[in-house]
Structure formats: C-alpha cells, structure tokens
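Please look through the sequence and the model shown below, and then follow the paragraphs with the structure open beside you. They move from rings to strands, then to a helix and to single residues.

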Amino acid sequence: MAGVETITGGAARRAALAAQGFGAPRPASSVHRGHLGRLIERLRLLQLDSVNVAVRAHYMPVFSRLGGYSRELLDETAWRHSARRPRLLVEYWAHEASLLPVADWPLLQSRAKRPGWWRHYGELVERESALVDEVLAAVKEVGPVGAGQLEDMLVGGSDQPARPKGASWWNRSDVKRICEYLFGIGRLTTGTRVNFQRRYDLPERVLPPEVLAVPEVSAEDAARVLIRQAAGALGVATEPDLRDYYRLGPEVSQRAVADLVEGGELEQVAVRGWVRPAYRVPGARMPRKINARALLCPFDPLIWERARTERMFDFRYRIEIYTPEPKREFGYYVFPFLLDDALVARVDLKADRAAGLLRVPGAFAEPGSDQPRVAAELAAELRQMADWLELDDVRVGERGDLVAPLALALAR
C-alpha cells in the first residue's frame, strides 16, 4: 500500500511490549510513588477484579513490570488522599471496572463509552426515584459507606431504629442495584475500600476541584483523547484493539481513528499476517530486541484482549475459572509467562496464605520452547513473586510437562 509502512509481526509484538513497560530494567531501588505514577501514565488503567486466588488483579501488572513493591503504595494512590499526597487514581468503568488517572474522569463520563451493564437497572431507577434520592442523601450524610450499611439504613436492620411512619420500604437488592447504577453513571464513586469492599462516596469528596470543574466533554473529543492514549499503551494496534482498551462504541472509535490519522497523531502501518490495518503513535518505540521476564495475570492489559493476544503471540488463552474442573485444560487461574518477547509457558497459581506457600498446581511449556531455560527463569520469577506476597516457599504440583524441570530448578 503506497505511503504505508509494512512491518513484521515480530516488530509489532516488540513495540507492544515496549509500550506496555516491558524490556526496561526493573527499578534498582525500592519502588516509590514516582515509579508508580510513570507506569500508570504509560498503561492508563489497571483493571479490578474480585478473584483473589493468587493476588488481586490490579496489583499484579505493577509487579510484572516493576518487581516487588508495597501494595500499600498502590492503595494509597487509589483510595486515600490528603492535601500533601493527593490521590493519583480513581475508580470508574474503563475497560472494565478499573483504576485510572483522576484527570481521565471527564473523558470516561462522556458518551464515547458504550453503555455498561448497569443500563439494565434504568427501569428500576425510574420506578424508584425516591430510593435514588435516599441513597444519594445517605451517602452524603455518612459516606464513604458500603452497600450493606446503606441497605440497613434504607431497608432496616436488626440494629437499626424503626423507620419513620409513612417511610417507604425497599428490597435490599434494590439498594445495591441503585448503588451500582449510580456508580456506573458517575453519580457515586469509590471513596475507599475496606478488605476490597467498595465504600461509596460522592465524586465531589473524592476528585480534585479542577477535575470536577472540567466542562462536559463531547463524545468525539473524548474518543480522540482515549484512542490516542490507547495507541500509546498498545504500541501497534488495530482499530478494534484501540476501541477495546476503553470499550468505546465502534462508530465513535472509527471516527476518532480517522481524525487522528488525518491530524498526524496516529499513523497507519501494515503488519504482515494481520488482516486489518494497524496504527501507532508517530515516534513509537520499535525496539529490535526485548529482554523481559514476567508472570501475567489474566487481566493484564497486555493480554486481556484474547484475539489480539493470539494474533500477537500465537498464544490461545482463555480463563477457565467458570469452566467445570474436569473440563479445564490448564487450571483455575492461569498466568502466562513472558520471556523476552514470547509467551513461553502457562502456570496455574494459588497463594496458600495459611501454609505460607505459593502453590503451582500446574505448569505447561509452549511447544518449541527451551524448557531448561524456561524452567530456570520461571523458578526465579516465582521466587520473587512469593517474596513479594510474603510467602515462605514455592510448591510445585503434578500437572503439566513443565512441573519436573521447574521443581528441579526451584530445588537448586
């Protein structure tokens, strides 16, 4: 195609890894707020998920790129703030429920985003408008507050005083649904979390005044910024890849890509073996070599779009949490293992906190991989992960062709 550079799949893969923060040495000193801020500036968001079989999803991408760090550091930047140390992150729906820079809040409030699952509660909101008002008033009065406490306040609990005569009674689940709806549309956000349970609060008590003062952003303007940020985070990507990063609507995403190409903020490239056109930010790093070693949780932004992962790494990956155990191919909570610029293994992981062990029920090498090297590098990374999680040892199970060489490497 005239005027469009053609690059190899390997070049696209290395560009993606560089954009995602792989290939650079991990910090030699303790990870501090500046390291975390620079990583968030690169990734733009960390996906949240309730599964805690190994470690919660938002903590792991930071470890994968920076190595051992204090999870308290991330908690402080996301869920606590003071005049001296303002919060860097806020919770909202981006790719999924995510932590993202506070400055991106107005962009995600725009209509560039596809309506989320909470739209199904719209009928309840219309029917129970008084409950919406009561939820907001209760959060204003006592927030940050959990949904359970709100249910006790608005529905009644054994330790709550009787409701005033004439007050309405609602179903407990209705309160929870209203909270989720108000969170989805940005009328509520997360003030803090306690044992990972969300405590709702009003945005004006969580976000800086300068963010709240930003005028409403049009869908078109927001989409251009979000697509540009996605391109920076992904390195080389198709339009559907870019769209998926923030789950934008297809029409607004396609217009944004066209506008950014026309304005010189994106450039089109052709990747050998890819059916669709690809895009990158002008001047994006295109390294000839990547030296990386990382375990990737299922919700890492490098691999969360499974079709892209297969296209980029020739690595078919599915999470098997909801697959019945007899039908699981690799395990319950499987981490791909990145070595240099390839995904070379899959590791089923479980943090057994009672026993002080990082358990590896299964480990599987990818076809054609150098098993002795993979086992040695994986053993070293598992040891670092165990230390980070304050676990005493790594214990290998019996499933997979990599367990024997991995156990040997760990024994050394």
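Both Tyr333 and Phe335 are buried, where buried means under 20% relative accessible area, exposed means over 50%, and partly exposed lies in between (1.4 Å probe, protein chains only). This is a predicted model, in which local features need pLDDT of at least 70 and side-chain atom pairs count only at pLDDT 80 or more, while totals for chains, interfaces and linings use all residues. Residues are numbered from 1 along each chain as its sequence is written, and side-chain values use heavy atoms, with hydrogens and water left out.

In the whole structure there are 15 aromatic pairs, a pair being two rings of Phe, Tyr or Trp (its six-membered ring) with centres within 6.5 Å, counted as stacked if the planes are under 30 degrees apart, as edge-to-face if over 60, and as tilted for the rest. The ring centres of Trp117 and Tyr121 are 5.8 Å apart and the planes stand at 85 degrees, so this pair is edge-to-face. Of these two residues, Trp117 is partly exposed, with a relative accessible area of 34%, whereas Tyr121 is buried, with a value of 18%. The rings of Tyr333 and Phe335 are also edge-to-face, because their centres lie 5.5 Å apart and their planes are at 75 degrees. A cluster linked by ring pairs takes in Tyr92, Trp93, Trp105, Trp117, Trp118, Tyr121, Phe183 and Tyr200.

Rings can also have a charge over them, which is counted if NZ of Lys or CZ of Arg is within 6 Å of the ring centre and within 35 degrees of the ring normal. Arg193 lies over the face of Phe196, 4.2 Å from the ring centre, and the charged end of Arg346 sits over the ring of Phe315, at 3.9 Å from its centre.

Turning to the strands, three of them form an open antiparallel sheet in the order 2-4-3; helices (H or I, at least four residues) and strands (E, at least two) are DSSP runs numbered from the N terminus, and two strands pair if DSSP finds at least two bridges between them. Strand 2 (46-47) and strand 3 (89-93) are at the edges, each with a single partner strand, so one side of each has no neighbour in the sheet. Two bridges join strand 2 to strand 4 (residues 97-101) in the antiparallel sense, and Leu46 stands opposite Leu99 in strand 4.

Helix 2 (residues 33-43) has Arg33, His35, Leu36, Leu39, Ile40 and Leu43 buried. These residues cover an arc of only 155 degrees around the axis, which puts them on the same side of helix 2; the arc is that of the directions from the helix axis to the C-beta atoms. An α-helix has 3.6 residues a turn, so residues three or four places apart point the same way. Arg38 and Glu41, on the other side of helix 2, are exposed, and the helix is followed by Arg44, whose phi is positive, near 80 degrees.

Leaving aside neighbours within four places in sequence, Glu381 is in contact (heavy atoms within 4.5 Å) with Arg26, Phe63, Arg293, Ala294, Leu295 and Phe337.
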